[in-house]
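Here is a briefing on a protein complex. Look at the chains first, then read the points below.

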Amino acid sequence: MSRRLRLWLLAVGGAGLAALLAAACLDLPGFGGRAHPYGTRAVRASLARHTANTVASVNFDQRAYDTLGEMSILFAAVLGCVVLLRQARDEHRERPRPAEVARPVRRYALLVVPVALVCGLYVIAHGQLSPGGGFQGGVVAATALHLLYLGADYRALERVRPLGTFETVDALSVCAYLVLGLAGVLAATAFLANTLLPYGTFDTLSSGGTVPLLNAAVGIEVASAVVVLLANFLDQAVEIEEGNGG
Amino acid sequence: MSALMQVLPYLVAAYVFLTGCYGLATSRNLIHAVGCLSVCQVSTYILLLAVGYRSGGTAPVFSDIKPGSRPVVDPVVQALTLTDIVVGATVTALLLALVLQIVKRHGTLDPDELRELRG
Amino acid sequence: MNGWILAATVELGGGGAAALWGVTTGPVARRVVAQNLTTAALCPALLLLAQGYGRPAYVDLALLLALLGPVGTLVFARLLHEDLEGRRPSAWGLTYAVAGVGAVVVIVVCAATGPGRAMVKLLVIGALLIGGNLIASRALSGGFQGVRGG
Amino acid sequence: MTGVLNLVALLLVAGAATAAVAQRDPARQALVLSVLGVLLAVLFTVLQAPDVGLSQLAVGAALTPLLIMLSVRKIRRRGRGRDGAR
């Protein structure tokens, strides 16, 4: 098919899709309407279980089974990246020369890494109270670690990042999520049901039954998954060269 | 103004989706195509959150307000979007890994050249 | 009418449009500077929104932006340094002006919050925002001269 | 008042998305994508979804640009290695 014909086909298809989408938009309930039946019920259920952040309650309690699916997509995607980006037989590693970074930038990086890690942990730990949670905090903590590469040197990053440990922790935290779900079955209710632990006092760190535990498992999983992911990309971008070298 | 505001967010979502599709179809660089796909993903976030919005509402997070004191927006769509964003990022990473593998095997980033190679 | 939200709208409209224009036109060197200033322009807007909606919990967003925005700029400064060599992108006048706006917003919001834990958090955000912004500008204008192939 | 704020945020996001598609060079596209990520986070705050905003900030401000730029760097280095061998 020629490029021209393909563009025409795209234009026709796009115009049709645009018309259908516009018609669908006009039929949707108006933006900012008052009727949110699911939302009202979700908020009520969340308050009944002493979880201050309703979004965390939906993610880790009311729809915890969905989150298990999301976690497995995440895990599978990272596994795929590790397989695709592994060092091939016709490639070799070459140590990058140490980088000379301007001193203020290096100091900033070394100063901000701990601050950012604490912030990531804060976002994970307060997931069931204030905005935040495992998904966000995990990404923050993992990205913050890579300031060491950006502001200092790749070797500095490699020293604080035992890759094998992170891969194991990644798998273990997925297992922890599953085990917490199975614990619900053993306690004679249902898979991932939030009936295992007392709900605690509203708006404290230990409130919400199993929500904080599932939240922590997701946080650890996301953090180690992102570290493993970035490590593979960094290896490709910085170290791995084509050819067998010498 | 207010009649337009009733549908504008949905229309913006549709527009962003179509723009992303256009970029995806006309892209001459696979990394650029992955970026366009992430623009397509953005449209789903806008659509979901627009459906859940409520005028004068606030976030359904009760760490700093009393439950029931203010109307709140829909938390269900927010939870869907939240996980979608992080999973979307890892899927982007998987696609980029595939692109790197394609470059290694075929030595080109242009989807059109790839087709010629196969044929 | 809520003055905070009005100020946030102005900040978002002006800063966002300027950043978008800067990042889509001109040479790469100018685009990176615009990307860096996006953080500095939009973080105060987030603080103003948190104040305007009466939700101290929203301040976390500004905290993360002040933390991760400079990291994003360092990504470009490090991985694009070959394109930036010889050009030394810098717009110190603009950088200081935007940092000044950020400082003013942080001080005003602090005054409205009153002393306490919330104020400490705001001051941390202010320090991270301005420090990160200045360091990222420094990195863009030749902070990675000695980096070769790393 | 909030209507105007919603409008401004939506239009900025639409503009940034268009710009991200229009940039054909991946490195320049990554720059626009990172601005798009921050603008989206502000839009989500305006739509009263701070959790989603945090998620978008964490991913859009640093992670996605880092992934794209690392891929670009790998491909550039590869091209240079090829030229050097020839």
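A crossing of two helices is left-handed if the near helix is turned anticlockwise from the far one by less than a right angle. Keep that in mind for chain C, where H2(C) passes H5(C) in a left-handed crossing. The model is predicted.

**The helix pair in chain C**
- Helix H2 of chain C covers residues 28-52, and helix H5 of chain C covers residues 92-113.
- Their axes come within 9 Å and cross at roughly 15°.
- Angles under 35 degrees count as roughly parallel, and H2(C) and H5(C) are therefore roughly parallel to each other.
- H2(C) brings Leu37(C), Pro44(C) and Leu48(C), among others, to the contact.
- H5(C) answers with residues including Val98(C), Gly102(C) and Val109(C).
- By class, this contact of H2(C) with H5(C) has 15 nonpolar residues, two polar ones and no charged ones.

**Where chain B meets chain A**
- On chain B, 41 residues are in contact with 47 residues of chain A.
- Helices H1 (2-26), H2 (30-52) and H3 (75-106) of chain B each supply at least two residues of the side that touches chain A.
- H3(B) gives the most to that side, with 16 residues.
- That side of chain B has 31 nonpolar, eight polar and two charged residues.

**Confidence**
- The predictor gives the complex an ipTM of 0.93 and a pTM of 0.93.
- Chain C has a mean pLDDT of 87, and 92% of its residues reach 70 or more.
- Within chain C, confidence is highest in helix H1 (residues 3-24), at a mean of 93.
- Confidence in chain C is lowest in helix H4 (residues 81-84), at a mean of 79.
- Where pLDDT is low, predicted coordinates should not be read in detail.

Terms used:
Residues are numbered from 1 along each chain as its sequence is written. Chains are lettered from A and ligands numbered from 1 in the order in which they are written. This is a predicted model: local features need pLDDT of at least 70, side-chain atom pairs count only at pLDDT 80 or more; totals for chains, interfaces and linings use all residues. Two residues are in contact if their C-beta atoms, placed from the backbone, lie within 7 Å. Helices (H or I, at least four residues) and strands (E, at least two) are DSSP runs, numbered from the N terminus. Ala, Val, Leu, Ile, Met, Phe, Trp, Tyr, Cys and Pro count as nonpolar, Asp, Glu, Lys and Arg as charged, and the others, Gly among them, as polar. Axes are lines fitted to C-alpha atoms, for helices over the stretch in contact, and angles run from 0 to 180 degrees between N-to-C directions. Angles under 35 degrees count as roughly parallel, over 145 as roughly antiparallel, 65 to 115 as roughly perpendicular and the rest as oblique. pLDDT is the predictor's confidence in each residue, from 0 to 100.
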